[in-house]
Each structure stands twice: as C-alpha cells, then as structure tokens.
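Please keep the sequence and the model at hand while reading.

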Amino acid sequence: MLEPQFESALAHRAAPDTLSISMREISERGMIDLRGLATDKKFMSAVKSVLGFDLPKAPRASTSWGDLKALWLSPDQWLILCTRSKTNSLLAELNAALAKIHSLAVDVSDMRAIIRLEGESVRETLMKGSSLDLISDDYKAGTVRRMRFAEIAALLHVVEENVIDIYVFRSYAEYTWAFLTKAARKGAEVKLFKR
Amino acid sequence: MLVVTCPVCNASGDETDFHYGGQAHVRRPATTDPVNITDEDQRDYLFIRHNPKGLHFERWRCDRGCGKWFHAARDTVTMEFKATYGITELPPAELIKEAKGPWADYFKKRLKEKA
Amino acid sequence: MSTKPYRLAEGGSRIDRSRKVTFSFDGKDISGFAGDTLASAVLASGQKLFGRSFKYHRPRGLVGLGSEEMNALIGIGVGSRHEPNLRATQIEIFNGLSAESQNRWPSLKYDVGAINSKFSRFLPAGFYYKTFMWPKSFWKHVYEPFIRKAAGLGKAPEGRDPDTYEHMHVHADVIIVGGGIAGLTAAEAAASTGTKVLLCDENPVLGGIADLTAGMIDGECVADHAATVAARLAALPNVHILTRTTVVGHFHHNYLMAFERVGDHDPAILASGAPKHRLWKIRADKVVVATGALERPIAFANNDRPNIMLASAVRGLIGRYGVTPGSKGVVFTNNDDAYLTAFALKKAGVTVRVVDSRARPDGALVKRAIAEGIDVNLGSVISAVEGTSGVTAVKIAAYRRGQGRVITEKRVDCDFIAMSGGWNPALHLWCHNGGKIEFDDSLQSFRPKSHTDNIVAVGAANGTMSVEATLVEAQALGKKAKKFIVQEPERGASESLWFAPATGKYNEGNKHFIDFQNDVTAADLELAQREGYESVEHTKRYTTFGMATDQGKTSNLNGLGVISEATGKTIPEIGVTTFRPPYTPYSFGAIAGSLTNDLFLPVRRTPIFQWHSDHGAVFEPVGQWRRAYTYPQASESKHEAINREILCVRNKVGLLDASTLGKIEIKGPDAAEFLDRIYTNTFSTLKVGKCRYGLMMNELGFLSDDGVTARLADDHFIMHTTSGGADRIGAWLEEWLQTEWTNYKVFVTPVTEQWAQFAVAGPRARDVLSKLGPDFDISNEAFPHMSFKQGHFGGYPVRVYRISFSGEMSFEVATPANFGQGLWNAIMEAGDEFGLSAYGTEALHVLRAEKGYIVVGDESDGTVTPVDVGMEGMVSKKKPDFIGKRSLEQSFLKGPNRKQLVGLLTEDPTDVLPDGAYAVAAVKNKPPMEMIGQVTSTYMSPTLGRSIAMALIQNGRSRMGEVISFPLEGGKVMKATITDTVFYDKEGGRIHA
Ligand SMILES: [Zn+2]
C-alpha cells in the first residue's frame, strides 16, 4: 500500500541566522473551518460539547483548552486549531454533534501555511507589511485578526507578547517567507516609541 | 486613504482592507417579482445611480476582516463617515432627515412602504 | 573664479573642525568637515557654481539652506548607486562621497547648452506649446535636438539598485510635522497629556531655524532652548522622533507619507543592513503642521547669478558651517528679518551693506543697523547685477512703489547678495488634502484658514512669526500652558516687493527670475497675461511656473505678485495654484519599498511548483498563479513539447496539475435553491454523487464563470470555479447571501488551497489509477463520467471527480495539499508503464479547443452571453429567477447580428490564424473595412494535423460552410470556413470509455 508522503509548504525553508527575530513554519497543526451562527444556541452548545469550551463570541478573540483553540473569524466563522493527527476524529465528532444543525465544518489543515515569529521586534517587523497598529493595546495575547499583509491576505494570531503566528494561504507561503526574511534582517530593526 | 470602521466586528482599517460596493439601497426587482419587470425597471436597477455632493449612502465589505457587508453614510466632500449600519437596514433616522435630492425621495418612498 | 578662503576662522555649530572629510565633486577632490553639507563644503572651497538652469543653461549657484534649494541639484554615487536630483543643501558629506553637477555638457564651467541663453527670445513662455504648432520638419531638425540637449535633469542610475528600501507603518495620536521651535513646543505640550506623539523633521538636527532666530526664551537663546526641549522629548517614552524624515504628503483621514533618508549620510549604516530609505505610512488622529516658513527671493534683474542667495541661507552658512559666500556682500530686503544676516556678516568680518526697498522702516533691527554704522540704503532696490558666473557689482537705485523702471543708479562692488522678499508660511501640507487658506496683508502671504481634517498649523506655518506668539500657539496642544519669558526684537512692518525695477522693462534684456528651477521669469508671466491666460492654473501650465519639484516653494508668491501687478487684480483675486504632494521629491526605491525582485508581485505556487520547476517547466501566469505551461525535454522546442503532451493524452495518458481551480464548499438546507439562482442551469435536480457543469452570468446577462459542481449530500455541494475566478466567485456567493437572499440558510467556505488537484486523462487513465490501490470501484459502470467519489488511493485520502476538459476519459483527483507532491510522484510512477507524461496548460488548451470547450475569458470578454457561445440549452427556461436572467431578455441581447461562437477551418491547413484576428465583410485595399467578428482561440492541432480556431462571428451559426476573410498585417489575407466548434470526437464517446 502507498505510504502517504507529507510535505508542508515551507518544508525546505530554514530561517537564516541574519534575522533579528526567530521564524519557523508550524506544520504539525490541524485546522477546521467552522461555520454556524453565534446566535444559534443549539449550534453553540453542540460545539461546546465537542470542544469542551465555548466558541469566542467577541470579535478577534480566541479561546482554548489544552491543544484545542478556537479563533474568531466572523460572527459565523471560527478556525479550530488542534494537533494535526487528531483533525479527522475532531471533524467527525463535530459533524456528528452538528448533524441536524445548520453549520459547515471543513478540514482546512493544508489550506494555510503558518509561520511562527518570535522576538522583541516581531510587531514592528510585521508593521512593515501591515497598516494595523500592532503595538497598540488592541493586540494583546490571544488576539486574532485577519488583515492585508504586504500584498496578500493573512491571519494574525498573537500567541504571546513577543510570539505571533501568521497564517497565509499555502500558495503565498514562499512570498510571505521572502517578505519576512527581508523585513526582519538585522540592521533594519525599527523600534517604535522606545518599546 | 480613508479609515473605515466595520459595524459588525468594530475593526477599523485602511480602505484597502475593505471593499467598496457601490451605492447602497439599490433594489433588485427580480428578487420580489421576477415576472413583471419592465426594461426601465431593469435599467434603473443596473445603471442609474446617485452622485451627490455631500451625504451619500454606500455599501462596503469588511474584506480583510470579518467578511461581512455593511452600509455606510459618507459625506463625499469632507470624506467623513457619518454612520455605518447593517446591510439589511435603513440609515439612522437623523441621516434620513439630512438626505437630499434623489436620496430624500428614495427614503420617503421606503418609509411610506414600511408604514 | 576666486580662490579666497571662504571658510571663516571660527564658528559653525554643525561642523567638527577636528574631523576632515574628503569627497569628490565633478571629479575634483574637495575636503570639508564632518557636519558639512555638500553645499557648505563646496562653497567653502571657493566654488560658487553648482549647476546650470533647466531651459537656458544659465550658471547657477546656491540659493537656499535646506529643502527649498532649487538650483543646486546634484547627482551622488556612481554606477547602479547613482541618485540624481538631490539638493546640495541636504546632502551630508562623508569620506568617499562622489557627487556631480547636472544639466551641463561637457563641463559645469564650459557648457554648450548655455547657448540657449542667447536664443532665449525664442524660448518664451509656452515655448513648447507654440513650437508644436510649427511645421513638422522644423520641429524634427531644429527644435527637438535643441530641447533634448536642454532638457533632462540628472541621469538615471546604471543597472539594478543594490540597496534595499522598505515601508513602515506607524500610528500616533498626534503627528508634529517640523521640529523647529513651534514643533518642539507643540510636541512637548501634546506629550504632556500622555498621548502618543510622532515628531518628524527633514533635517538631521532638530531645532528648525531656531539658530537663525533672534531672541531669548527664559534666559536662553532660542537655539539653546530648542536643544533643551529636543533633549527632553528624546527621553519621553510616548514620543517617537524621526529626523532626516520629510513628510511628503497629507491625504484623507490624516494619512501621511514620510520619506526617511536612513543611510544616505553614512555608508556604515547601509553596510549594517539598514535600508537606504524608508517610506513611512502614518495615520494620526491629529496633525500639527509646524513646517515653518520659506523665505522669498526678490525678482530683480539677473537675480539668478551664482552667489545671490536667500538672506537666511547666508546666515545659516555662517552660523552652522562657518562659511561665507564672499567678502563683500549686499543684503537686499523689504523686511526686518534680513538685518539679522547683515549683523551676522558684520560679526564674521564680512563687509556688508543693506538695500531696503522701504522708505521709512522703523523696526528695532533697522535702527540697530544704522546705529552700528552699517551702510543702509533705504527706499532703494538692486536694479542690476554685474557678472555672469558670479557677482562682481550691483547697481543700487532709488525706488518708489509702483515704479516700472528706475533711472538713477549707483554702482557698488560686491561678490555676493543676500536677498529677502519676506517669508511665506509653508502651506504645502496644509493644502495637499484640500485645506483652505487666506491672504494675510501684514504677511503679504497666504496663511491657513480652515480644514476638514483634524489638523492645525502652529508657528510660522500658521503665519505666526514672533517667537512669543508661537510658544503660546504651540502650547495649545497641551492642557496647561507654561508662561515663558521671551525677549525678541520688535519688528517693523514689511511691504510687498514683487518686482524690483531695472533700467529696462520686463523684457528688455533683463531676466527677473520668479521660478528658478523652471527658468520662468517675470516677463514670461507678464506675457502669459497678455496672451490671455487669465486663470492662474492656466498660467502655471503655460509657463511651467510652480511646477515640478519646487512646487512653488520659493516662486509661488512672487509669481502671484507679478501677475497681480500685470493684471491689476489683487493676489486673493488671482488665487493660488494647487500644491501637490510630494513636498520634496523622494526616491523610486522608497516608493517600491521591499516589493522588488521576487517580492514585486505575489506569486502563488501550487504544491507541485518545485517539481514543475525541476522538470524544466515553462511557466505562465494565471492571475497570481504560476502554472506549468509545458515541459520541454532536452532539445525540444516549446511547440514540440506541447504537441508531444497533447498526443500523449490522446493516445496514452497525461497528468495535469489543476490545483489552481477554485473550490468552494456550499452547505445548508437552501444550498440547492441558492445554486439554482447562481447558475443559469439547474442544480436542485442533481443527484448526490454526481457532477454537473454550470454556467454563471453576472446581472448584465454576460458570462462570468463556469465550472463543475458536485453534490456531496442533499444539502452539501462542492463548486469548482475557473482558476482566475476562485476568489471573485467566493466573494460573489457571499455577497448574494449577505445582501440579497438573506433568508437562505447556506454557508459558503472557499477551500481552493486545501486541495492539490490533478487531472489524469487519456485512454489509459483508469489503468494508472488502478495501480494506486483505490479503495473504491473505478470501473466505468461503478464510476461513470460526471460522477464523484471519495476514498483512498493507498494511504492518500482523495476526492475523485470523473470530469473531463480534454475530451478523454479523465479523473480529477484531489488530495490535501500537503500530500499533493507525494501523490503526484505516485501517479507518475504508476503511469510510467503506460507512457504517462505531465502536460501543461497549453496542451490542455489545445485539447479543449479540439473539443470545442469554451474558456471564459477567451471565448467571452465580458460582453458575451451564454446564447452567444451556443449554450442557450444551459439557460433554464423553467427557473423563475437566476442571476442575469432578466437582462438576457433585453431586446439588444436577443436581437439580430449578435456575434455567435463558431469553429473555423482555414483553407490552408498549415495557416494558424492569429489570436484576435478580425474577420471582415469584404477585403479592401486599406482600412476601414467592416468587421464581422474576431478569433477567440486558435491552435495548430497535432491530433488533427491541421489548424483549428474558434471565433465570434456575426450571425455565425446561420453561416455554416461560408468562407470568411481575415486581412492580416502586411497585406496577407487568410480565409477560413465556418464550422461547428467540435473538431474532434464529435460523438463524445471517448470521455465515457
Ligand atoms: Zn468586520
């Protein structure tokens, strides 16, 4: 039987040591795009019965328990994060719980590439490509934001003060990687307001 | 470059994070009665738009944000957004009152229908 | 040229006399001190000449002190690092800097183009417009070579720029533009309230012209006070200071662009990895314009000679760099401020006299000058300047306001002139986004009036010229104003002096320059008025006054003044020309930022991109995607490779990377009804597990997209769109659900990139897939054409669509993207024994054309209906409403003479019609000919051994068998017979194999 060969978008990329931040691809994460109405109590409680916690209702918020996370994308859309190997079973559980409820859960684990950025200047590095005020209080740990980054669409997840995951569609992974390696190179750091 | 604020998710951003969707409150005749649509009705629906100097009503989409469409009332001279409101809603009453020309006529008609 | 030492023995707040810096200017080594600008160092070396003027090639020297400089435009760096058109007054020198003057040939001193000056009476205002009307031959042989020599400032760099550039975004509560005394005070006041303050200044050092300003603040001189405030600001966490950063534009909702010269002044900074320039994109709640004021030149005869400078520039050269333009100067003024320059010169040991147009000035500074024994000529003007590459003497004449020409003159030897026609608030930023301004009689200038944005002007930018009032105004940015004790000289009134008369009139051999950079004289403006260019905007375009990089910084008011005197209208009646961004020019590098080379455009890669690349693929752009076009082997041409790939699919089996196809999951109780509204044909009748090809129109009734949709469950579909349409159609579906059919319970999730998708097509396709170990039956009976299955190929999860765009038996296999490369390799391996080959998009296009399948965007162009392409059968007659239905019924879309899609077979089977070729009703010797349609797709078909084409032809479907003509370039005419569009396997048996 054919053994499936797994190859993530940036499998061949390692960050050069000339960067002011650290940067790597996260490929071991499973992702489920979940649609349903936040106003639909049955939907919300069915999802809670599977995840063990409430989906976040506040814009740009995220909730989590263990290796499960739910990122708010829209009043009727969330991105559920899990360990990649558990994606199929989680999706099956969600579909079972949501069988009679208007919803749509899709495995999108391969649709986006995730790049983890770590370091004191991650926010300023991202601000070379994003018009958002990422050094403001709007972007505390846990915040999720879809945005325009450089010339493409991206999803930002503030994991910790100095740790940010950036999600881009898989086809743009190389572009994003190239942009970030250029923006984050040593010597080009920008420190805003003496942060 | 305008700053737009989405009334659905409250996110503010450059207008390039949003998508401008043309004039608001254009009614599609076929949705209500697909059979009796005159050529004039269809022409008005497809092509006839207001172009006011001053208060205008528009459609925008929170393109790079929550993805939702919404309505905005904007002054085309000062560029100020007077209000944003739901995509199925009419503007706030005070702005309906402020509306001039074809917009005033339109809202008068809509409010009459509602009543 | 004089070789006298122009560096004073002492003084120079900006320079470090212990650090010598050597650089080259026009190939000559010159040394200055650390802190010198190119302007100060070159002038100190004794060279007055910095460039030639744009039109007349007149010798030009320095005029200004900073970004207002309009003459001394310099190119720096060599080869690919060359950067033209920089102002010498802003270039900070460093060891090894290589600089050169511009717009001269063969050398600055001996310039052939200077002959233009002799012909100047042929180069009046509107010269270009007038010349275009002359006979063609005259233009080509006389004027064009002439202009080519004359025009063009600087030269382009050679080769790719090796430096890097970037953009940066920043948000602030308040942005202060300008770090002079007004800006510094405003910044400190604003910062005291805890808000985030961004302070930008174009100079390397904060303080603006505090060092050129007379007075004391709390016992400190203005410059020291500024330095103290700057130091306090630098320590505040809520203040971010950007120096060497010019705010070049102000746009809607307080969006600003600023240009930072990060590494221009020090090669070590560039070597450390920093970008050369950075473009800041700034968003601020409030903008404070503290851009100061610009000193006006005076329009007197030959006022452009080298060593005629603004009074403030002369003062700055002495104070900042310890440099004097000469040993004997004349200060020519209509205001008190220039007297400070006279004092500075006197203190530096330079002989100075003052020419003041005012008959009875009564300010403190004038009195002091007279008391100090300076020769002050009141009620006088400079009526003539002697010398061409410098100044040797001036004539001073008695002056009465309104006087057209002067009669009595006295001649005075001198080697430089410091002029001051008053100060204009720098209004550019205020006006970029529609700020209103008003004329202020006491200033003899415009000042800010009102603005729709949250923006204020403070200090000189607001027309507030006294230090004390500036401090009060700027402190309004804070909550509590501090009371400063300010001592400053009391100023007398100035009076307007738009034109200093000479012995002749405007156009009698005297050039009174208004716009130095564009070589526009008072006579040009006066002529424009006589020729009827009444609107100032017309005058601007006709004469080029206030255009280009100067943007009227020094020329605007003087120009208006001259027009005012020529027309008898007041300046407010004339109005101002529009100030456009940028305030000063900035580099192309900064505009591009980091988006160059591999980042120039985002390129989308499929999961198989690297394989394609490794296997010699030629790529083609499809939207932002790069798709494999064909895979030439060793010695194959592209054409041979395409033919091989086509025949491989027809005879054996081929493998295509179709991952770019749009894929959208659609689910909900109303999903089927929703699709019925989206597509022209019906999907509610589609059985679960089946696929159907669908057409989409826009509301105008024109084709917008097509693709195959499969039904996964009663309430669940997966839609395919074209590669280019994926994002658009995803958004389109959302738009209809959110804005029109809001009662529909349907969710739509685009999943294009989740899947790698491949077409396995050809007679041996099933044989290949069988070898992959499918866990479902793939026989024709169990898995017929237009059906769908999901399962596994070995360990690979797959969704398989039995659909065909090639006309052969075909399976489209989708697997999660990260498994894509693995499955692709497995298929290649399994297919080896069946002769499988990868095929690219061009082979695909020929294959589909042989079958007459349309491509939306080739066969349609946004004005083509489904009926036009012969697909009326797919437009439902039963469904009451779907997108575009009502428009399709409009008479003009139903009427006769619509172009209809047909096939074409050329008379000569080796003739391939050019793409887009026009068919005509009758061939004539030359156009115009009546066009009856155009070719939409055209190929040499290796399957048929002849060319084939599709075309949209008027009433084409009723003209089967007719021969039509295509006149081509070069007189050739191709003839082709109209046929139906299916050229191969008309019965369609092969897809069902
Ligand atoms: Zn939103």
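The C-alpha centres of domain 1 of chain A and domain 2 of chain A lie 23 Å apart. Chain A is divided into domain 1 (22-26 + 112-183) and domain 2 (29-107), with bounds that come from an automatic or database domain assignment. Between these domains, 13 residues of domain 1 are in contact with 13 residues of domain 2, contact meaning heavy atoms within 4.5 Å.

This is a predicted model, in which local features need pLDDT of at least 70 and side-chain atom pairs count only at pLDDT 80 or more, while totals for chains, interfaces and linings use all residues. Residues are numbered from 1 along each chain as its sequence is written, chains are lettered from A and ligands numbered from 1 in the order in which they are written, and side-chain values use heavy atoms, with hydrogens and water left out.

**Domains of chain C**

- The assignment for chain C gives domain 1 (1-161), domain 2 (169-296 + 422-488), domain 3 (297-419 + 496-574), domain 4 (656-847) and domain 5 (896-993).
- A distance of 73 Å separates the C-alpha centres of domain 3 of chain C and domain 5 of chain C.

**Chain B and the zinc ion**

- Chain B has 4 helices and 6 strands; helices (H or I, at least four residues) and strands (E, at least two) are DSSP runs, numbered from the N terminus.
- Read from the N terminus, the order of elements in chain B is β-β-β-α-α-β-β-β-α-α.
- Along the principal axes, the C-alpha atoms of chain B fill a box of roughly 40 × 30 × 25 Å.
- The zinc ion is coordinated by the SG atoms of Cys6(B), Cys9(B), Cys62(B) and Cys66(B), at 2.3 to 2.4 Å; donors are N, O and S atoms within 2.8 Å of the metal (3.2 Å for Na, K and Ca), and water is not among the atoms, so sites may look incomplete.
- The zinc site is tetrahedral, with angles of 107 to 112° among its 4 donor atoms; four donors count as tetrahedral if all angles lie between 85 and 135 degrees.
- The spacing of the zinc donor residues in sequence is C-x2-C-x52-C-x3-C.
- Cys6(B) and Cys9(B) are both buried, that is, under 20% relative accessible area (1.4 Å probe, protein chains only).

**Nonpolar cores**

- In the largest nonpolar core, of 82 residues, Leu38(C), Phe300(C), Phe332(C) and Val394(C) touch the most other members; such a core is a set of buried Ala, Val, Leu, Ile, Met, Phe, Trp, Tyr and Cys residues joined through side-chain atoms within 4.5 Å.
- Domain 1 and domain 3 of chain C each supply at least three residues to this core.
- Another core lies apart from it and has 81 residues, among them Ala113(A), Trp177(A), Val177(C) and Leu198(C).

- Glu734(C) is in helix α21 (residues 726-739) of chain C and is buried, with a relative accessible area of 11%.
- Beyond its neighbours within four places in sequence, Glu734(C) is in contact with Arg35(A), Arg61(B) and Val748(C).
- Asn643(C) belongs to helix α19 (residues 638-651) of chain C and is buried, with a relative accessible area of 18%.
- Not counting residues up to four places away in sequence, Asn643(C) touches Met940(C) and Pro942(C).

Conventions:
Tetrahedral: all angles 85-135°; square planar, octahedral: opposite > 155°, others 65-115°. Buried < 20%, exposed > 50% of the residue type's maximum accessible area, 1.4 Å probe, protein only.
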